[in-house]
Amino acid sequence: MIYDLHAHSNASDGILSPQDLVSRAKNAGVDVLALTDHDTLAGIEAARETADALGVGFVAGIELSALWAGRGIHVVGLNVDCSSGALLEVIGQQQNARLQRAHLISERLGKAGIKGAFDGASEFAQGLNIGRPHFAKFLVREGYVANFQAAFKTYLGAGKPGDVKQLWPSLDSLVGAIKAAGGTAVLAHPLKYDMTRSRLCTLLAEFCASGGEAVEVVSGSQTVQETKNMAIIAQQFDLYASCGSDFHTPDQPWQELGRSARLPEVCRPVWQCWA
Ligand code: AMP
Ligand code: MN
Ligand code: MN
Ligand code: MN
């Protein structure tokens, strides 16, 4: 069975519609797909309908942004009840935070000599949850950078002017909302935070204390050794293991649907929580 429990549609910063995402997953041999758009459930219904029609297992999910120890951290909620009041409230707060944050990002870019970033990014966001990818597209269009990756490298990535994370809520409140929605809280892509092992262990200890239950032992493409290390860490914290591509777009083959490594045997797969 191929599980891909982290993927984005154009309801957030992915390229494909929820329907096309599920079709692509089907063609890639994915047996169970979770749609985990940033701070929205808007794509879930369409994705679920397509998954039912194509015979793909479907898990309703979401990826929420949190602030932890001055860093931006992502928590995936899997198997959530999309009508949960607690979750919908948090989503509303995240959407407000995104709007406020976009003004701050624009201000900071303004100080770096880039004018009109809020309006420019808003054009790309088209009323959807505005985020850094929309700013990246604006920066590319205006010729400030050569491409999307360069926009993050120069202006939007960790430590750069557009890296604004202070408006995100605590881990605690997000994990609480996911659990109130009957979901499983998963710490997303732990290797992407560029933390030392001891820092990551501190994060995981707090994540567990907040009620977090799983960690992505596999995210996108990573080395065999990285997967082994993450499996050991998951065991150490008695966390369930999740795996997903973090698919956004077909032109990033390192995040292709269904292509990530399988979970090591020692792991307790997160789907055991839903059996
Ligand atoms: P936001 O949710 O507004 O903070 O935007 C974060 C999103 O931007 C992530 O989910 C990725 O899709 C994308 N992203 C983050 N860092 C990079 C990067 N270095 N290169 C390309 N895309 C990135
Ligand atoms: Mn994204
Ligand atoms: Mn993420
Ligand atoms: Mn993601």
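View 1. Helix α6 gives the largest share, 3 residues. Helices (H or I, at least four residues) and strands (E, at least two) are DSSP runs, numbered from the N terminus. This is a predicted model: local features need pLDDT of at least 70, side-chain atom pairs count only at pLDDT 80 or more, and totals for chains, interfaces and linings use all residues. Residues are numbered from 1 along each chain as its sequence is written, chains are lettered from A and ligands numbered from 1 in the order in which they are written, and side-chain values use heavy atoms, without hydrogens and water.

**View 2. Ligand 1 and the residues around it.** Those residues are D13, H38, R98, R101, G131, R132, P133, F148, Q149, F152 and H248; each has a heavy atom within 4 Å of the ligand. The side chain of R101 places an N or O atom 2.6 Å from an oxygen atom of ligand 1. For Q149, a side-chain N or O atom is 3.0 Å from a nitrogen atom of the ligand. H248 has a polar side-chain atom 2.9 Å from an oxygen atom of ligand 1. Taken alone, ligand 1 exposes 490 Å², and the protein buries 75% of that. Accessible areas come from the Shrake-Rupley method with a 1.4 Å probe.

**View 3. The manganese ion (ligand 2) and its donors.** D13 (OD), H38 (NE2) and H248 (NE2) coordinate this ion at 2.1 to 2.2 Å. Donors are N, O and S atoms within 2.8 Å of the metal (3.2 Å for Na, K and Ca); water is not among the atoms, so sites may look incomplete. Along the sequence, the spacing is D-x24-H-x209-H. D13 lies in the loop between β1 (3-4) and α1 (18-27), and H38 in the loop between β2 (32-35) and α2 (44-54), 25 residues apart. D13 is partly exposed, at 23% relative accessible area. H38 is buried, at 9%. Buried means under 20% relative accessible area, exposed over 50%, partly exposed in between (1.4 Å probe, protein chains only).

**View 4. The manganese ion (ligand 4) and its donors.** H6 (NE2), H8 (NE2), E63 (OE) and D246 (OD) coordinate this ion at 2.1 to 2.2 Å. H6 sits in the loop between β1 and α1, E63 in strand β3 (residues 57-68), 57 residues apart. H6 and E63 are both buried.

**View 5. Spacing of the manganese ions.** Ligand 4 is 4.5 Å from ligand 2. Ligand 2 is 5.5 Å from ligand 3.

Conventions:
A polar contact is a pair of N or O atoms within 3.5 Å; within protein, one must be able to donate a hydrogen and the other to accept it, and residues adjacent in sequence count only if both atoms are side-chain atoms.
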